[in-house]
Amino acid sequence: MPIVREIVRNKYLYVLALPGLLFLIVFAYVPMAGHLIAFKKYRLADGLWGSEWVGFDNFKFFFMSSDWYKVTFNTVFLNGLFIVCGLGIALLLAIFLNEIHSRLYKKIAQSLIFLPYFISWLVVSMMTFAFLNTTDGILNRLLIDNGMDPQNWYLKPGIWPGVLTFIYVWKFAGYYSIIFLAAITGISGEYYESAKIDGATRFQQIIHITIPLIRNVLIVLALLGVGRIFYGDFGMIYGIVGDTAPLYPTTDVIDTYSYRALRQLGDFSKSSAIIMYQSVMGLVTIVIFNAIARRIDKDSSLF
């Protein structure tokens, strides 16, 4: 059999891949059996297999409420902002870093913009509160010092998509910029030398050489982001927003909604139904966008 011959021929490579494969099976595929809870009236005493089968009844809790559209829109909208702004700013940072000729200054700049990636969301939430809290926040103090009235930022849901996007870009742009910079570094210098001979400016070289040649990396990162567009960053949003109800209209995502449903109702089945919906929509989205990417550039698609 071809597959057996392939394994025998590259047996050492497959042995090296075995730990990662086992990790994937144990922590990614085996837990999929838990999706059965979404179709059952789950009781701890009866267990997964002994609980009563109720079909799609648990999904009614989510889809018959007015919240399903709101949290779905918030999840997609916020992740869309994160993908577009995060990758866009990261690409600009990588291009700027590539233009720096001093190796020492480039290394210092890389370290500084990469540093926020290692800061936990708990610390970021405390930093955000220090800036925006009503009583003695840094931003309100600046307003008072300039003769303006302080604002209760935690009662203004309209500004929070921008606030969360700014925080996301600050935290992750440095990480993605390193990936883009590695791709830019791999571009042959002959392209730029030929462009200089033809009289191209540095800006024209960036537009017509740098960006087209790292398009594959950009598409792959965008696809990976789109694949999780229905997954709100629970650690980020719950850590920063928490249970601040006035901000729910613009910040409540599927993850935080399902967490509150589990915490307040104590119903595993209804929370699992919400997560099941999230997983299916994520799968559909990545398949659709992968097909679009394949039409644009066949080599950039994930599968």
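Contact here means heavy atoms within 4.5 Å. Keep that cut-off in mind for every stop.

**Before you start**

This is a predicted model, where local features need pLDDT of at least 70, side-chain atom pairs count only at pLDDT 80 or more, and totals for chains, interfaces and linings use all residues. Residues are numbered from 1 along each chain as its sequence is written, and side-chain values use heavy atoms, with hydrogens and water left out.

**Stop 1: the whole chain**

The chain has 16 helices and two strands. Helices (H or I, at least four residues) and strands (E, at least two) are DSSP runs, numbered from the N terminus. Of the 303 residues, 36% count as buried. Buried means under 20% relative accessible area, exposed over 50%, and partly exposed in between (1.4 Å probe, protein chains only). Take the contacts between residues at least 6 apart in sequence: 65% of them join residues at least 24 apart.

**Stop 2: the annotated spans**

Select residues 72-293. An unreviewed UniProt entry annotates them as "domain: ABC transmembrane type-1". This span is 76% helix and 0% strand, and its end C-alpha atoms lie 24 Å apart.

Now colour the spans that the unreviewed UniProt entry calls "transmembrane region": 12-32, 76-100, 112-132, 173-192, 213-231 and 274-293. UniProt positions follow the numbering used here, feature names are shortened, and annotations may be inferred rather than shown by experiment. Residues 12-32 are 86% helix and 0% strand, with end C-alpha atoms 30 Å apart. Residues 112-132 are 71% helix and 0% strand, with end C-alpha atoms 24 Å apart.

**Stop 3: α12 against α16**

Select helix α16, residues 268-296. Axes are lines fitted to C-alpha atoms, for helices over the stretch in contact, and angles run from 0 to 180 degrees between N-to-C directions. α12 and α16 are therefore roughly antiparallel to each other. Angles under 35 degrees count as roughly parallel, over 145 as roughly antiparallel, 65 to 115 as roughly perpendicular and the rest as oblique.

Which residues of α12 and α16 meet? From α12, show I219, L223, V226 and G227; from α16, show G282, T285, I286, F289, N290 and A293. This contact divides into six nonpolar residues, four polar and no charged. Ala, Val, Leu, Ile, Met, Phe, Trp, Tyr, Cys and Pro count as nonpolar, Asp, Glu, Lys and Arg as charged, and the others, Gly among them, as polar.

**Stop 4: α9 against α12**

Show Y176, I179, F180 and A183 of α9 with V217, L218 and L221 of α12, which make the contact. The residues here divide into seven nonpolar, no polar and no charged.

**Stop 5: I83**

Centre on I83, in helix α5 (residues 67-99). Is I83 buried or exposed? At 17% relative accessibility, I83 counts as buried. Leaving out residues up to four places away in sequence, I83 touches G88, G225, V226 and I229. Then pick L224: I83 and L224 are 141 residues apart in sequence, yet 9.6 Å apart in space, C-alpha to C-alpha.
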